[in-house]
Structure formats: C-alpha cells, structure tokens
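Q: I have a structure open and would like to go through it step by step. Could you help me read it?

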Amino acid sequence: MRLFNRTFRRFTFSLSALLLLGVALWFGTALKQSESTLAIRPASSNVSLPDGFSVWHHLDANGIHFKSITPLNDGLVIKFESSDQSAAAKAVLDRSLPQGYIIALQDDDSLTLGWLSRLRNSTHRLG
C-alpha cells in the first residue's frame, strides 16, 4: 500500500508538471504571435480608394510579404505577420502611393478597439 501511494504521488506530480509546462508553452506561442495591421484610407471624399492589386504589386516588388488585403468600410486593411513587416510596408506605401491617402498602423487588440469606438461614438451630455 505504501509503494502504491508513493507511485501515485509521483505520477500526479509528473502529470501536473507536464500540464503546467504545456500551458506555459501554449501561452508563450499565443503571446508571440503578434499580427500587425495597416489601414489605408482616403484623406478626403473626392479621392478614390487604391486598388488592392496595385498595393499588392508595390509590396511584392519590395519583397514585403503579407497575409491579406481586405476592403473594409471606406479603406483597405492589410494584415502582416509581424510589426516589422507592417512598418516596412508603411514606408514603401508612403513613397509609392500618391498624396491623398492616410496610411496608419493599427493594433490588433480588438477589445481595446471596441471600447475606444464605444467611447468615441457616445455623446457627452452635461447637466
């Protein structure tokens, strides 16, 4: 009986340690994946949105890889695997696109974006 208790304790300790290691590795990879987003919007209403193919061509010609280019509302959203690729793409698009576009880096923290949009869209009333 005593041998069974010792073996059972070692097994539970080993299993717990393995489980904690697995959770730590999972969190590490989840935190390491920092997808970055770049948004292109026209600066005024009389400027049309650039074509996704031309943006793809400029990025591809400079060796910048991206995940996707998606039209969203009144702009283009480009997703990258890292913030370095996003910063390099911003520099390339600032040079290659004509004036009249706002090119901005965005965080992918959707919870923060949701709260900020709620705060911006709410009207402030005094009294």
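This is a predicted model: local features need pLDDT of at least 70, side-chain atom pairs count only at pLDDT 80 or more; totals for chains, interfaces and linings use all residues.

Q: Good. How many helices and strands are in the chain?

A: The chain has four helices and four strands.

Q: And in what order do the elements run from the N terminus on?

A: The order is α-β-α-β-β-α-β-α, read from the N terminus.

Q: What share of the chain is buried?

A: Of the 127 residues in the chain, 17% are buried.

Q: Let us take strand 1. Is it enclosed or open?

A: Strand 1 covers residues 36-42, and five of its seven residues are buried, so the strand is largely enclosed by the rest of the structure.

Q: Which strands is strand 1 joined to?

A: Strand 1 is joined to strand 3 (residues 75-80) by five bridges. Strand 1 is also joined to strand 4 (residues 101-106), by six bridges.

Q: Parallel or antiparallel?

A: Strands 1 and 3 run antiparallel, and strands 1 and 4 run antiparallel as well.

Q: Which residue is the bridge partner of Ser36 in strand 3?

A: The bridge partner of Ser36 is Phe80. On the side of strand 4, Ala39 stands opposite Ala104.

Q: What separates the C-alpha atoms of Leu76 and Val55?

A: The C-alpha atoms of Leu76 and Val55 are separated by 9.5 Å, and the two residues are 21 residues apart along the chain.

Q: New topic: how many salt bridges does the structure hold?

A: The structure holds two salt bridges. One of them is formed by the side chains of Arg41 and Asp74, at 3.2 Å from N to O. Arg41 lies in strand 1 and Asp74 in the loop between strand 2 (68-72) and strand 3, so the pair ties together parts that are 33 residues apart in sequence.

Q: How exposed are Arg41 and Asp74?

A: Arg41 is partly exposed, with a relative accessible area of 27%. Asp74 also counts as partly exposed, at 48%.

Q: Which residue does Asp94 form a salt bridge with?

A: Asp94 forms a salt bridge with Lys90, and their closest N and O atoms are 3.1 Å apart. Asp94 and Lys90 are four residues apart in helix 3, which means that about one helical turn separates them. Asp94 counts as partly exposed at 41% relative accessibility, and Lys90 counts as partly exposed at 24%.

Q: What about Asn73? What is its phi?

A: Asn73 has a positive phi of about 55°, although it is not a glycine. Asn73 is found in the loop between strand 2 and strand 3.

Q: Is Asn73 buried or exposed?

A: Asn73 counts as exposed, because its relative accessibility is 78% and exposed means over 50%.

Q: Now the surface. Which residues form the positive patch?

A: The positive surface patch is formed by Arg2, Arg6, Arg9 and Arg10. Arg10 lies in helix 1 (residues 2-32). At 58% relative accessibility, Arg10 counts as exposed.

Q: And which residues form the nonpolar patch?

A: Leu19, Val23, Trp26 and Phe27 form the nonpolar patch, and together they have about 460 Å² of accessible area on the surface.

Q: Where does Trp26 lie, and why does it count as exposed?

A: Trp26 lies in helix 1. Trp26 counts as exposed because its relative accessibility is 56%.

Note on methods:
Residues are numbered from 1 along each chain as its sequence is written. Side-chain values use heavy atoms; hydrogens and water are left out. Patches are made of residues with over 30% relative accessible area and no salt bridge: like charges are joined within 9 Å, nonpolar side chains (Val, Leu, Ile, Met, Phe, Trp, Tyr) within 5 Å. Accessible areas come from the Shrake-Rupley method with a 1.4 Å probe; for residues, only the protein chains shown count as cover. A salt bridge is a side-chain nitrogen of Lys or Arg within 4 Å of a carboxyl oxygen of Asp or Glu. Lys and Arg count as positive and Asp and Glu as negative; His and the chain ends are not counted. The place of a charge is taken as NZ of Lys, CZ of Arg, CG of Asp or CD of Glu. Helices (H or I, at least four residues) and strands (E, at least two) are DSSP runs, numbered from the N terminus. Buried means under 20% relative accessible area, exposed over 50%, partly exposed in between (1.4 Å probe, protein chains only). Two strands pair if DSSP finds at least two bridges between them.
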